Every structure is written in structure tokens, then in C-alpha cells.
Amino acid sequence: MVKLTIDKILTEMKITRYELSKRTGIRYQIIDNYYKNYVKRYDSYILDKICVALNCGISDLIEYKQDEKI
């Protein structure tokens, strides 16, 4: 399962979704969808803008956990 960890990063950095929206120039609703993991297809442009704004790498934003159902 692939999951975004933007919520954890913003909490650690004490940055709000609104502030991230302003830093990236991306609409708040889109940032909110990424924050809440409502996104099914990730836009590389948006992820790039978020990485630049947070000064982090893509591996900091995305987490992969393998399902235990085998």
C-alpha cells in the first residue's frame, strides 16, 4: 500500500496546509486531498512543488507498506 506522509511532515515542521498552499501556489483543496490521502493518482508536478516547498525528497513524502495478505 502506498501512502503519503505529508501530514506527518507538516506536523513535524509546524506548517499548516494553508501555509503549504501559499508556498507552492497549489490550491488549498488539492493540498488537503494529498494531506488526507484522498488522491489515487499522484501528479509529479504537485509532488515536485511540495518537495521544493518543504525542502525534502520524494521518499520523505511517500511510504510503502506491503499488505500482509499472502
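Predicted model: local features only at pLDDT ≥ 70, side-chain atom pairs only at ≥ 80, totals over all residues.
Contact here means heavy atoms within 4.5 Å.

**First stop: α3**

Select α3, residues 28-35. Within this helix, Ile31, Asp32 and Tyr34 are buried. Viewed down the helix axis, the buried residues of α3 lie within an arc of 160°, so they line one face. An α-helix has 3.6 residues a turn, so residues three or four places apart point the same way. Against which elements do the buried residues of α3 pack? Display β1 (2-4), α1, α2 and α4, for these are the elements they pack against.

**Second stop: the nonpolar core**

Next, select Ile6, Leu10, Leu20, Tyr34, Ile50, Leu54 and Leu61, the residues with the most contacts inside the largest nonpolar core, a set of 18 residues. At least two residues of this core come from each of α1 (6-13), α3 and α4 (44-54). The largest share, six residues, is supplied by α4.

Centre the view on Leu20 and show its surroundings. Leaving aside residues up to four places away in sequence, Leu20 touches Ile6, Leu10, Ile15, Ile31, Ile50, Ala53 and Leu54.

Now select the side chains of Tyr34 and Tyr42. How many aromatic pairs does a search of the whole structure find? The search finds one. The ring centres of Tyr34 and Tyr42 are 6.3 Å apart and the planes meet at 50°, so the pair is tilted; planes under 30 degrees apart would count as stacked, and over 60 as edge-to-face. Are the two partners buried or exposed? Tyr34 is buried, at 4% relative accessibility, whereas Tyr42 is partly exposed, at 29%.

The charged end of Arg17 sits over the ring of Tyr35, at 4.3 Å from the ring centre.

**Last stop: two loop residues**

Select Lys14, in the loop between α1 and α2 (17-24). Its phi is near 55°, a positive value in a residue other than glycine. Lys14 is exposed, with a relative accessible area of 77%.

Finally, select Asn55, in the loop between α4 and α5 (58-61). Although Asn55 is not a glycine, its phi is positive, about 55°. Asn55 is exposed, with a relative accessible area of 73%.

Terms used:
Residues numbered from 1 in each chain as written. Heavy atoms only, no water. Core = buried A, V, L, I, M, F, W, Y, C linked by side-chain atoms within 4.5 Å. Buried < 20%, exposed > 50% of the residue type's maximum accessible area, 1.4 Å probe, protein only. Helix = DSSP H or I, 4+ residues; strand = E, 2+ residues; numbered from the N terminus. Arc of directions from axis to C-beta. Phe/Tyr/Trp six-rings, centres within 6.5 Å; stacked < 30°, edge-to-face > 60°. Lys NZ or Arg CZ within 6 Å of the ring centre and 35° of its normal.
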